[in-house]
Amino acid sequence: MAKATKAVGLFLMVVFALAAAACSTASAPADPTPGAAGAKGAASATATQSKVSQGVTKDTIKIGMFGPMSGSASVYGKNVQAVQSIYMDQNEKGGINGRKLEFVVEDDAGDPATAPVVFKKLAESDKVFMIHGGPSSPPTLSMKPLIEASGIPFLFMSGVADKVTDPPVKNLFSGYPASIDQAGAVAEFAKSIGPKKVAVVTQKDEWGKGWREPFVKAMKDYNIEIVADEEIGTEIGDATSLVRIVMKSQAEVLALFSYPQPTSVFLRDAYSQGLKIPVITGSGSMPEDVVRRVGQREPVLSFFSSYTLKYLVDAPQYDPYKAMVAKYFPKLIFDAGIMGGMTGAMANIEILKRMGEDLTWDNYIKTAEGMKDFETPVMASPVSFKPFDPKDPTTRRGVRKAAMTVLNPDPDPKAAPFVVVKDWAEYQKIAK
Amino acid sequence: MSDLIQVSVSGLAQGAIYALVALGLTVVYRSTTVMNFMHSENFMLGAFITLIMVTIWNIPMIIAMPAAVLGVFLVGFIVDKVGFEPLLNAPHISQVFATIAISFILKGVVRFFTVDERPLPSITGSTVLRFGDAVVRPQDILTASVLIVATLLLAFLFWRTHIGLIMRAGTQSLRGCALVGIDVKRLFMLMWGVGGALGAIAGILAAPTLLVYPDMGGRSLMLGWAGMTLGGFGTFPGAIVGGVLVGLLEVAAGYYVSTTLGDVAGYATILVVLLVRPQGIFGSREVS
């Protein structure tokens, strides 16, 4: 009996250890410069010679991918699956110059502490050729020193934090508009409403800061007073305090930069408390997704979100992509939120094609830098990179335009679920 | 004044959830002395089972909710059989680690099926009640009512029934229970079931607000711990009062002091109480 007890105890301890390793968050050491010291040796080698391409065989090119497949940011993990479907479709078309794409997908749980472990696994253990990942910004920021030190080509999927590309790193490219670019569109829209007072509520992490800082700067440039500047958690059960603070501030517009869960709770509580001002946000939460979460249209009718796509999500131009996603990931709901990384995937395929047989890291960087005005059907903006300039982050930001989207005021189920508007006047015409 | 009323109403509603979580933790702790780290999964499973019944099997909420509670009650039996009973004579730390392992396993299983956040409609609908400037959601009234009913039922169970007498005996002396022929293993199984059911009730009531997703229970577990610590570890009145106070503190600190502080108020409570009055409000200081 005692032996059986010990065996069961040992078994459970092992299960715990394995589960902790698979799902580790707090257990990962919080190293402020994760791995930089150890990777410097490798960096010296890569700085002076072309690295022999790891992750490439005569038949395959291995791509590492990661995202928050679990945790509070898991809604962004769907971007990884949407991107995978683009690559899988390319494989069905014959791959890239005769080579099929192979993937290794890891879960960073949206946790910066886990991210360096994920990076090392992909780059050093799985030895991928390049990494296309990071729908959520904080883990990528945490990885940035390792990315730079390793030299491995890295395509930032659909995160927005400016600090990922500022200061720029030679081998780190972004395939999605940074918050500084999108925040410009958000600030322009706020200005078009004509407020004298604006409130700002920001998620308390690097992602939130990435939105807040350029927005606040723009408001100051426009001489619009910020009458409340508060924080919101990444996961909340009640937003009463925040709603009341915003109401007390008498703000005429609210800029709310948070993930979908806190956004939904806030909008629900704001509606029930009677807060009736336009709420604007970046690309963290899309109106149709928020309506699904809140369960009602009314709290979301005055919610405006930054929009980077070329067409409305139900446009016929996106039918092939809907079919693609449905084929490979039938449970994935096709909405504007999952499409963020698709343009980057298409650009990546084009870069790999243009590289021909010279599949080295140096050639990836050189080929990417030569990409100019590469149009895709997905994003409003074409993809363009430039030769590296350590003082110019835009050399690594491939996509830079955005508009705003809002729920279609027309409740007819046959009408488009949301509309794209450039300014408040355009919205007023639609809303009448 | 209306702000004070609104903050109080919202704080009480949040606190009622934390109190239910704390009650479930206390039931298990009182009987087994185990800090049950898989209680967040009781919370999550209650919500998920309800969600599946309502949205996929089209079972009315009024039937789905108690069915889900019963389901998690039975999960508690399984947790006891698989995780706790085999380790009855093992060091305490092994028992605690077992609850952590079970938590990861259950969360992993649910994540295999979905990581999405899904809405669970409120049984009370979306209309709100207004009292002057204060807004009260019927869901919050339901939560507070359930807390009161759960408290009364537990009190009745523990102090007015034979099984409750056995449970109280078990919390005082397991050896004594065994000596008089009480089946201690069955007692534990029942406690794990009751603890699970209380967690499930909290999860079902919180789900319309939090949304349903695999990681939904973690934050409420920590704040349930905070409530237990504040109220007095292992005391039922302490769990209720402590949980409610943590909810009030969270909302009030967020409004009157800083929104940043509101988020950490519950966790700060654990630290402050342990430093200043480690036995909590209703606990008694141990004599060494």
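1. Let me start with a strand pair in chain A: β3 (residues 130–133) and β4 (residues 154–156) run parallel and share three bridges. Two strands count as paired if DSSP finds at least two bridges between them. Strands here are DSSP runs of E with at least two residues, helices are runs of H or I with at least four, and both are numbered from the N terminus. Within this pair, A:I131 has A:F154 of β4(A) as its bridge partner.

2. A word on the basis: this is a predicted model, where local features need pLDDT of at least 70 and side-chain atom pairs count only at pLDDT 80 or more, while totals for chains, interfaces and linings use all residues. Residues are numbered from 1 along each chain as its sequence is written, chains are lettered from A and ligands numbered from 1 in the order in which they are written, and side-chain values use heavy atoms, with hydrogens and water left out.

3. The pair belongs to an open, parallel sheet of five strands in chain A, in the order β2-β1-β3-β4-β5. Its edge strands, β2 (100–107) and β5 (172–174) of chain A, each pair on one side only. On average, neighbouring strands are turned by 25 degrees against each other, direction ignored. Axes are lines fitted to C-alpha atoms, for helices over the stretch in contact, and angles run from 0 to 180 degrees between N-to-C directions.

4. Two chain A helices are worth a look against this sheet. Helix α3 (residues 77–92) of chain A lies across β1 (60–67), β2 and β3, at about 165 degrees to β2(A). Helix α13 (residues 361–369) of chain A touches β3, β4 and β5 (contact means heavy atoms within 4.5 Å). The direction of α13 makes about 35 degrees with that of β5(A).

5. Please also check some backbone details. A:D166 and A:P167 are joined by a cis peptide bond with omega of about 5 degrees, and A:P167 sits in the loop between β4 and β5 of chain A. A:A109 is not a glycine, yet has a positive phi of about 55 degrees; A:A109 is in the loop between β2 and α4 (115–125) of chain A.

6. In chain B, B:N58 also deserves a glance: B:N58 has a positive phi of about 55 degrees although it is not a glycine. B:N58 lies in the loop between α2 (39–56) and α3 (61–84) of chain B. With 61% relative accessibility, B:N58 counts as exposed (over 50% relative accessible area; buried is under 20%, partly exposed in between; 1.4 Å probe, protein chains only).
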